Amino acid sequence: MSTLEIRDLHVSVATDDGEEKEILKGVTLTLNSGETHAIMGPNGSGKSTLAYSIAGHPKYTVTSGTITLDGEDVLAMSVDERARAGLFLAMQYPVEVPGVTVSNFLRTAKTAVDGEAPKLRTWVKEVKGAMNDLRMKPEFAERDVNAGFSGGEKKRHEILQMELLKPRFAVLDETDSGLDVDALRIVSEGVNRAKEANDTGVLLITHYTRILNYIKPDFVHVFVDGKVAEEGGPELANQLEAEGYDRFTQAAV
Ligand code: ADP
Ligand code: MG
Ligand code: MG
């Protein structure tokens with residue numbers, strides 16, 4: 001079993017006018033293999049900042065606190081080292097990679113993460129199978145990464161990566177945004193398959209409770225103003241579904 005541990009994390013962002021603004025104000029949470037933790041909260045509460053900080057995005061500066069993976073200092077790792085250590089970050093706005101096909105991108109990523117190229121025969125089969133499960137047409141593999149992808153295609157591509165790269169921990173930021181109900185179900189089933197196949201721990205970041213009907217969280221953490229305002233089990237998500245975030249945001253003012 002693996003553990004991803006975040007301790008009293010404080011993170012600032014460099015704003016456009018060159019100021020440093022503190023966004024995360026002491027976040028602590030522990031994620032074990034096979035567990036699903038939902039991070040919920042109003043817009044602007046710092047959910048994506050947590051994801052970017054785990055990913056090692058250069059715009060976000062950790063001013064204090066720690067992130068460790070089985071005791072190893074994640075903050076000392078480069079972005080590539082984080083991926084090789086088994087962290088998978090599906091970002092909210094994945095970038096376009098002109099001239100690189102999905103097929104090449106996936107094989108390059110797999111080779112980088114595993115430290116060796118996948119065996120061609122089994123790899124091709126695995127990619128085809130995963131694409132079929134996600135209801136993706138084979139032609140999709142020959143398109144340039146993210147070039148003209150619809151919202152749904154971007155999400156499927158993210159989950160395809162998760163299924164193939166078999167990370168120890170996956171951070172999924174707003175995987176539900178812009179998906180219709182059928183796409184949400186297909187994408188969620190992909191997350192559940194990848195989770196079960198690899199005992200992946202999942203940090204599922206979402207503003208809405210809808211996706212939690214498909215991907216069941218073991219724990220729910222509510223972010224307000226850069227801090228965990230409340231945590232609990234799945235029942236907390238049901239409560240938020242009924243009541244919204246009002247009581248938290250009022251308390252924060
Ligand atoms: P969430 O994902 O919960 O909606 P974010 O982590 O995206 O929240 O943002 C948290 C806060 O940090 C917001 O108030 C946002 O405006 C601010 N913020 C994030 N990135 C930047 C940035 N690059 N420059 C200035 N403010 C930022
Ligand atoms: Mg603190
Ligand atoms: Mg966000």
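The legends below describe close-up views of a predicted model.

**View 1. The shell of residues around ligand 1.**
In this predicted model, ligand 1 is surrounded by 13 residues, and the closest of these are Thr-15, Gly-44, Lys-47, Ser-48 and Thr-49. Two elements, β2 (20-32) and α1 (47-55), each supply at least two residues of the shell around ligand 1, and α1 provides the largest share, with 3 residues. Sorted by class, the shell around ligand 1 holds 8 polar, 3 charged and 2 nonpolar residues.

**View 2. The open sheet of 4 strands.**
The strands of this open sheet follow the order β2-β1-β4-β5, and their pairing is antiparallel. β2 and β5 (72-73) are the edge strands, each of which pairs on one side only. Within the sheet, strand β1 (residues 3-14) and strand β4 (residues 60-69) run antiparallel and are joined by 8 bridges; Val-13, for instance, has Tyr-60 in β4 as its bridge partner.

Strand β11 (residues 219-224) runs antiparallel to β12 and is joined to it by 5 bridges, and the bridge partner of Val-220 in β12 is Gly-232.

**View 3. The packing of α5 with α6.**
The axes of α5 and helix α6 (residues 181-198) cross at roughly 10° and come within 9 Å. Because angles under 35 degrees count as roughly parallel, α5 and α6 are described as roughly parallel to each other. On the α5 side the contact is made by Gly-152, Lys-155, Arg-156, Ile-159, Met-162 and Glu-163, and on the α6 side by Ala-183, Val-187, Gly-190, Val-191, Arg-193 and Ala-194. By class, the residues of the contact of α5 with α6 divide into 6 nonpolar, 4 charged and 2 polar.

**View 4. The packing of α4 with α5.**
Helix α4 (residues 120-133) packs with helix α5 (residues 151-165) at an angle of about 140°, and their axes lie 10 Å apart. With this angle, α4 is oblique to α5, and α4 passes α5 in a right-handed crossing. From α4, the residues Glu-126, Val-127, Ala-130 and Met-131 make the contact with Leu-160, Glu-163 and Leu-164 of α5. The contact of α4 with α5 comprises 5 nonpolar and 2 charged residues, and no polar ones.

**View 5. The packing of α3 with α5.**
Helix α3 (residues 102-114) packs with α5 at an angle of about 40°, with the two axes 10 Å apart, and the crossing of α3 and α5 is right-handed. Val-102, Leu-106, Ala-109, Lys-110 and Val-113 of α3 meet His-157, Gln-161, Leu-164 and Leu-165 of α5. In terms of class, the contact of α3 with α5 has 6 nonpolar, 2 polar and 1 charged residues. Leu-164 of α5 takes part in this contact with α3 and also belongs to the contact with α4.

Conventions: Residues are numbered from 1 along each chain as its sequence is written. Chains are lettered from A and ligands numbered from 1 in the order in which they are written. This is a predicted model: local features need pLDDT of at least 70, side-chain atom pairs count only at pLDDT 80 or more; totals for chains, interfaces and linings use all residues. A residue is near a molecule or strand if its C-beta atom, placed from the backbone, lies within 6 Å of it. Ala, Val, Leu, Ile, Met, Phe, Trp, Tyr, Cys and Pro count as nonpolar, Asp, Glu, Lys and Arg as charged, and the others, Gly among them, as polar. Axes are lines fitted to C-alpha atoms, for helices over the stretch in contact, and angles run from 0 to 180 degrees between N-to-C directions. Angles under 35 degrees count as roughly parallel, over 145 as roughly antiparallel, 65 to 115 as roughly perpendicular and the rest as oblique. A crossing is left-handed if the near helix is turned anticlockwise from the far one by less than a right angle, and right-handed if clockwise. Two residues are in contact if their C-beta atoms, placed from the backbone, lie within 7 Å. Two strands pair if DSSP finds at least two bridges between them.
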